[in-house]
Amino acid sequence: METRGSRRTLLLPVAVLLVLAALAGVLTLAARGRADRPRVVRSVPSGPAPVDLAARVDEYTADFAPGGPYTAPDAAQRRAVADGVLGALDGQPDQAGRELARVGYRLTEFTEAATGRRVAEIADGTTAGSRGWGRVYLDLSARANWSVQVPHPVSDARTEALGVELFRAAPGGVLVLAGAHRRAGADGSSDVAHRSDTVFAAVVEALGGRGLPGIQVHGFDEGSLPGQDAVVSSGAGQAGPAAELTAAGLGRAGYAVCRAWREKCGQLEGTTNVEGRFAAGVGVPWLHVELGNGLRTEPARRAVVAGVLAETARSWGARP
């Protein structure tokens, strides 16, 4: 005989099963709802990619060759580029851009890949820069304190690479880069180290007029000065602490250094250099550094030289 208690015992498992089945159905519908719901993908805005300055300069100088394109600038053109550089130096990009646009130059800014610093590029915007007037790069992360000048890119092999490495190694720098091979123009017109009627000279003089010291890098064939790896001089000026610091640093790195203020260094003292003569005239520290082939073309040795020159540049950074 079935009792009331036994019926209750039989109904309990059935009820539990029914509840579990209902719960499973609810969960299945919820899962389907999530699967059918469109996914929201949040996009992260990204700015322009950082620029590798070394690669950019190598691309720019890749076609430099004797007899290459070069057009001598007139006085107004030289002045316009120099004024544009000074405007950028003063933190007035709009004014700088107007000055530069008068002669087909442009001012752009980018983040430099190796350093993460903001850099301004002043470059010829006409016909891929075939006039041969050069470029200028300014470190915008710090007040400008010094310049590195590369008058003979490609001709003095890899001085352009050394200029970039030095520019990266010390803050507050201005890199002034010639825009043609030294033998591109007729009658030496593109040899910016020995001509005052160039955009390069106008820019360097504008910087010197603001009191910015400079390091100008050159290259020589070791055969022309046997036994020496480098020549350090102040050109037409008197050697000062920067020359001593640079020569000592290169010496500690294991390189034989000819100090032009103490000894004869062949024809490598830079006494006829027009930028050096200008610096001497206004009393601004200026160095002429000649480097043997290996110190420029071998990456490891070039990095050591850049480090030594960066110490000199940083010593100028403390000036008032």
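Biologist: What should I know before I start?

Modeller: The model is predicted, so local features need pLDDT of at least 70 and side-chain atom pairs count only at pLDDT 80 or more, while totals for chains, interfaces and linings use all residues. Residues are numbered from 1 along each chain as its sequence is written, and side-chain values use heavy atoms, with hydrogens and water left out.

Biologist: Which residues touch the most other members of the largest nonpolar core?

Modeller: A nonpolar core is a set of buried Ala, Val, Leu, Ile, Met, Phe, Trp, Tyr and Cys residues joined through side-chain atoms within 4.5 Å. Buried means under 20% relative accessible area, exposed over 50%, and partly exposed in between, with a 1.4 Å probe and protein chains only. Here the largest core has 39 residues, and Y137, I215, L250, V305 and L309 touch the most other members. Helix 10 (residues 299–316) gives the most to this core, namely seven residues. Another core, of 27 residues, lies apart from it and includes Y70 and L138.

Biologist: How are helices and strands assigned, and what does helix 8 pack against?

Modeller: They are DSSP runs numbered from the N terminus: helices are H or I with at least four residues, strands are E with at least two. Contact means heavy atoms within 4.5 Å. In helix 8 (residues 274–282), V274, E275, G276 and A279 are the buried residues. They pack against strand 4 (146–150), helix 6 (199–209), strand 6 (214–220) and strand 9 (286–292). Just after helix 8, G283 has a positive phi of about 75 degrees.

Biologist: Which side chain of opposite charge is nearest to R78?

Modeller: Lys and Arg count as positive, Asp and Glu as negative; His and the chain ends are not counted. A salt bridge needs a side-chain nitrogen of Lys or Arg within 4 Å of a carboxyl oxygen of Asp or Glu. R78, in helix 3 (residues 75–89), is buried without a salt bridge; the nearest side chain of opposite charge is D197, 5.4 Å away.

Biologist: In what sense do strand 1 and strand 2 pair?

Modeller: Two strands pair if DSSP finds at least two bridges between them. Strand 1 (residues 105–111) and strand 2 (residues 118–124) are antiparallel, with seven bridges. E109 faces A120 in strand 2. The two strands form a hairpin with six residues between them, and G116 in the turn has a positive phi of about 75 degrees.

Biologist: Why does Q228 count as buried?

Modeller: Q228 counts as buried because its relative accessibility is 18%. Q228 sits in the loop between strand 6 and strand 7 (230–233).
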